[in-house]
Amino acid sequence: MPDNQHRQSPNQPLHAPHLYDNPAGRRVHKATTSYLAGASRFQMRDMNNYKASHITVNRGGGVGDGSIDGWDLLLKKTAPNALHNSRARFDAPKCDEDTRVEVTSELMEWIEDRNAPQPTDPTRNTVDPVIPTIAYQLGRGIPTLKWMIKAAIERDPLSFDQSLEAQTTALIVRPVEDLRDMGTDLRSLPYAILIDGLDEGRGEDRQAELLKAIRRCLLVGDLPFRIFVASRPEWAFHTALQPGGHLRDMAYHIQLSDKYDATADMRRYLRRRFGDIGLRINDPNWFSEDDIETLVQAGSGQFIYVATVYKYISTRRASPAARLKIVLTWTPREGQATRPFEVLDKLYTSILLDAKNAYEAVDSHHGRDFLLLFRTYHVQITGFMLHAEILPSVGFAADVLSALLSLEPRGEETLISDLRCLVAFKPDEFQSQLRLYLYHKSFSDFLEEPSRAKDLFIPESRVYMHLTKCLMQHIIKCPLDLDSLPAEWEELPLSELHQESLGEAVSNLPFSLGSPKIALDDDEVVGFTQNGGWQKVDNLVPLLYRFDLWFRRYCGEWISAVRKFSDHLKDRKPETAAVISAFAKKWRDGRKRWEKECCEGLGFR
């Protein structure tokens, strides 16, 4: 029987295409017609034919099994909170009128332009309901498609336990393709699929699996779908959109933090919301434009800050003016009850904890302290104050700091892979070096304040102590044969990055050891001395003097810092102090010789 004999008009309800339609087992054709005449013990799927006159159909597990309703099973696998009109989304966050105009316009243009490059809100802690929820929303308004999805589930009730790609194919792609083959114009289907907050689903691998399923199943052929995913730029999404990523060439990527400045929107938002409060309290002058400008500047272009402030100020049974004053003048102090940024602090705490747990769970990161490492890069933003008598601060390029901290190449990128919604490494003002950049000033405030960061707080003193230890370890572990060093620094048998990081370690160690911010254990210095650290410095100093103009200029202060540190140490560790003092004297005496060699090398007498 040709396939099309069972097909119906797209406008008619589609019934289950069973061979038998009623309890009597009649065919949909004349009773005299026989297709298996004389057949004996013939088997076909769940149908057994023993005699031409007696046919038994085993319904168990097949399409139409009375014990399984595919649509009911689908409903159990969906995320009701994902529906745009869900009760759980009452008073959901949304853009105020006249705000985010640019980005919303760009998004609508992309959605409506079906030829342009390619949120359902899933249950927050898993991606598992995403495909069933999309299938449900496609099928609920189209009876024919609903039956097809239902039948697919009844054929294989365990399809929800299969891969996301297999689920997408079975529950969405094949039913839609069958609908197309019946003559339905797919352009009439709901085609914009919005997935919001997908980064909040547990499991980076599952997030990546879903993105690949979308790419391989929904963005191919003549399927009509436009997939819009709103997410923080965490690992799965960042990787997919990077050069070589599987979504790089086909995704239309909008980065809110980089492209859109929300400052003007933030002003409009606060004016409107504060105006509403004024109507409520019958006092339109309870705030000033200066108040709004102060809050906008504190927000660093990030809407979440002013939204948090408004939520705090607008709390019922509290004075808006009093709470506004708290926000504008708030400084942390012991035992303080007011917490205007509590909501924001909870968000930062959650993101940092997730990033910490993910980073430290990697076996090659065993023994590393994520918070300490990240805080080191954070302090580096304003520079390390190691030798204030010479320069206000000293800064390292991101890759140099990673080398000093004994991280692998590009280890700084791995460190922030789960913090990309808050930070990024960007070129400095001279476009020559990468430095950590924070999108939110409020995040920096959080990191620097123990009453807000609480258990996640890392004091600067601990950062400086760790950096000093790393400088010493970097010198000790340097794989150089001290008996056969070349005549010039550039000829050291090290990579360019290692040469640079070693030079920074030698240049900054004496200033770091003498910094008032550091209370280093004397045994650390003793160990460095006994392991030949100062001897290595002694061998490298003449080469560094000829190579590094900064070191040459401040060599006198560098030697003085070594001598001061040895004087500071001599009462507690006299033997170690004596060794350091001897080297300081040797370098002071050798400095004239090094300078003479430099002048001769430049052709001066």
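**Before you start**

This is a predicted model, in which local features need a pLDDT of at least 70 and side-chain atom pairs count only at pLDDT 80 or more, while totals for chains, interfaces and linings use all residues. Residues are numbered from 1 along each chain as its sequence is written, and side-chain values use heavy atoms, with hydrogens and water left out.

Colour the chain by pLDDT, which is the predictor's confidence in each residue, from 0 to 100. The mean for the protein chain is 80, and 77% of its residues reach 70 or more. Now select residues 39-65, where the pLDDT is below 50 and where the model has 41 contacts beyond near neighbours in sequence; contact means heavy atoms within 4.5 Å. Residues 116-123 also stay under 50, with 39 contacts beyond four places in sequence. Where pLDDT is low, the predicted coordinates should not be read in detail.

**Stop 1: a covered helix**

Select helix H3, residues 130-139; helices (H or I, at least four residues) and strands (E, at least two) are DSSP runs, numbered from the N terminus. How many of the 10 residues of H3 are buried? The number is 9, where buried means under 20% relative accessible area, exposed means over 50%, and partly exposed lies in between (1.4 Å probe, protein chains only). Among the buried residues of H3 are Val130, Ile134, Tyr136 and Leu138. If you also show helix H1 (70-77), helix H4 (143-155), helix H5 (164-181), strand S4 (192-196) and helix H6 (204-218), you will see elements that cover these buried residues of H3.

**Stop 2: pairs of rings**

Next, show the aromatic side chains, for the structure holds 25 aromatic pairs. Rings of Phe, Tyr and Trp (its six-membered ring) pair if their centres lie within 6.5 Å, and planes under 30 degrees apart count as stacked, over 60 as edge-to-face and the rest as tilted. Trp71 and Tyr136 have ring centres 5.7 Å apart and planes at 35 degrees, so this pair is tilted; both residues are buried.

Move on to Phe274 and Phe287, whose ring centres are 5.3 Å apart and whose planes meet at 70 degrees, so the pair is edge-to-face. This pair links distant parts of the chain, with Phe274 in helix H9 (residues 263-281) and Phe287, 13 residues apart from it, in the loop between H9 and helix H10 (289-298). Phe274 and Phe287 are both buried.

Then select Tyr348, Tyr359, Phe370, Phe374, Phe443 and Phe446, which ring pairs link into a cluster.

**Stop 3: the cores**

A nonpolar core is a set of buried Ala, Val, Leu, Ile, Met, Phe, Trp, Tyr and Cys residues joined through side-chain atoms within 4.5 Å. The largest one has 105 residues, of which Phe274, Leu352, Phe374, Phe384 and Phe443 touch the most other members. Centre the view on Phe384 and, leaving aside neighbours within four places in sequence, look for its contacts, including Val379, Phe396, Leu401 and Leu467. Apart from this core lies another, of 46 residues, among them Met148, Ala208, Leu218 and Leu219.

**Stop 4**

Select helix H12 (residues 320-329), where the buried residues are Pro320, Leu324 and Val327. They cover an arc of only 60 degrees around the axis (taken from the directions from the helix axis to the C-beta atoms), which puts them on the same side of H12. These buried residues pack against H9, H10 and helix H11 (303-313), whereas the face turned away from the buried side carries the exposed residues Lys325 and Thr329.

**Stop 5: single residues**

Which residue has a positive phi of about 65 degrees although it is not a glycine? Select Ser406, in the loop between helix H15 (398-404) and helix H16 (411-415), which is partly exposed at 47% relative accessibility. Lys454 also has a positive phi, near 55 degrees, and is found in the loop between helix H18 (450-453) and helix H19 (460-476); Lys454 is exposed, with a relative accessible area of 53%.

Finish with Gln380 in helix H14 (residues 370-380), a residue that is buried at 3% relative accessible area. Not counting residues up to four places away in sequence, Gln380 touches residues including Val394, Phe396 and Arg435.
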